[in-house]
Amino acid sequence: MDVPAASWLADRRRSLRRIAVVTGAGISAESGLPTFRGEDALWQGRNPMELFTPEALATRTRESWELFDRLRVLSARAEPNAGHRALAALARSHGVTLATQNIDGLHQRAGSRDVLELHGTLWRLSCAGCGHAGVNETAPLPLLPPPCPACGGPLRPDVVMFGEPLPADALRAATRAAETCDLMLVVGTSGAVYPAAGLPAIARAYGALLVEINPAPTELSAQMDYAARGTAAMLLPVIVRALRGD
Ligand code: APR
């Protein structure tokens, strides 16, 4: 497939050694997972924006947990796609820092390591009552909300909900990567939610080249040196081969 973005990057590949990648829900779309703002955004008629809040989890606990459990089931059934796998392959030849807004765990299942989960993960649950936290990959869960194995209180998924702060270590590492990279790939994100959406501007301010991989224009497109219009699973394998000189 002749992808102009790949040729554009191939011409520059010798100067593009440190690569930062920011991904959003769009990279998991071809794995069958819903995005937040696409046409499939209203999950089963519910708007995740209303249910992805600490207040909703406290006051509409069952409804919130039904959505989280549904997402866990969908994510568990989903397979990483060629886009996830291409990014894992890129890290075998370049210094890559991968920061994702996704909570589905697909990057890790594709082989990416040290993934910065800016918005947490569906696969770790924690207890506000006693501080217990741990990985739980049972999907569907037998009880909603799942009881804490230590104190019996209700567990919550370790995802960053609207109004909550991002994990400081992950955000710090992602910001550092934006400041030090030669190239930032921005894949499958609308750029609607900060601070993750602010990472491309930081990379640009520090002199990196910015490439967007998205079938549609976004709020970030104007910052890009190159906007590759296409899907992650189609474009990333070609772009990664160009960067690797394969
Ligand atoms: N390949 C690449 N990009 C795609 C694909 C695809 N196959 N399909 C859709 N997209 C793009 C859409 O064009 C859109 O720009 O993915 C983007 C998805 O945008 P959102 O649904 O807003 O998802 P995201 O940017 O990850 O949302 C950021 O908002 O709701 C919160 O915390 C949630 O992490 C999420 C954050």
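**Figure 1. Pro 140 in the loop between β5 (133-135) and β6 (155-159)**. The loop between these two strands holds Pro 140; strands (E, at least two residues) and helices (H or I, at least four residues) are DSSP runs numbered from the N terminus. Ala 139 and Pro 140 are joined by a cis peptide bond, with omega about 0 degrees. The model is predicted: local features need pLDDT of at least 70, side-chain atom pairs count only at pLDDT 80 or more, and totals for chains, interfaces and linings use all residues. Residues are numbered from 1 along each chain as its sequence is written, and side-chain values use heavy atoms, with hydrogens and water left out.

**Figure 2. The cis peptide bond from Tyr 194 to Pro 195**. Omega is near 5 degrees for this bond. Pro 195 is placed in the loop between β7 (183-187) and α9 (199-205).

**Figure 3. Asp 114, a residue with positive phi**. Asp 114 is not a glycine, yet its phi is about 55 degrees. The loop that contains Asp 114 runs between α7 (106-109) and β3 (116-117).

**Figure 4. Residues around the ligand**. The shell has 22 residues, and those that come nearest are Phe 36, Arg 37, Thr 189, Ser 190 and Asn 214; a residue is near a molecule if one of its heavy atoms lies within 4 Å of it. By class, the shell holds nine nonpolar, eleven polar and two charged residues. Here Ala, Val, Leu, Ile, Met, Phe, Trp, Tyr, Cys and Pro count as nonpolar, Asp, Glu, Lys and Arg as charged, and the others, Gly among them, as polar.

**Figure 5. The largest pocket, whose space is taken by the ligand**. A molecule sits in a pocket or cavity if more than half of its atoms lie within 2 Å of its grid points. On a 1 Å grid over the protein atoms alone, a pocket is an open set of points with protein on both sides within 12 Å along at least five of seven lines, a cavity is a set where a 1.4 Å probe fits but cannot get out, and lining residues have an atom within 4 Å of a point. The pocket volume is about 870 Å³, counted as the space filled by probe spheres set on points joined across faces, edges and corners. Of its 47 lining residues, Gly 24, Ala 25, Gly 26, Phe 36 and Arg 37 lie nearest the centre. Two or more lining residues come from each of α2 (26-29) and α5 (61-77), and α2 gives the most, with four. The lining comprises 25 nonpolar, 18 polar and four charged residues.

**Figure 6. The largest cavity**. One cavity of 30 Å³ or more is found in the whole structure, and the largest cavity holds about 30 Å³ of space. Its lining includes Ala 20, Val 21, Val 22, Thr 97 and Met 184. β1 (18-23), β2 (95-100) and α8 (168-180) each give two or more residues to this lining, with the most, three, from β1. Eight of the lining residues are nonpolar, one is polar and none is charged.
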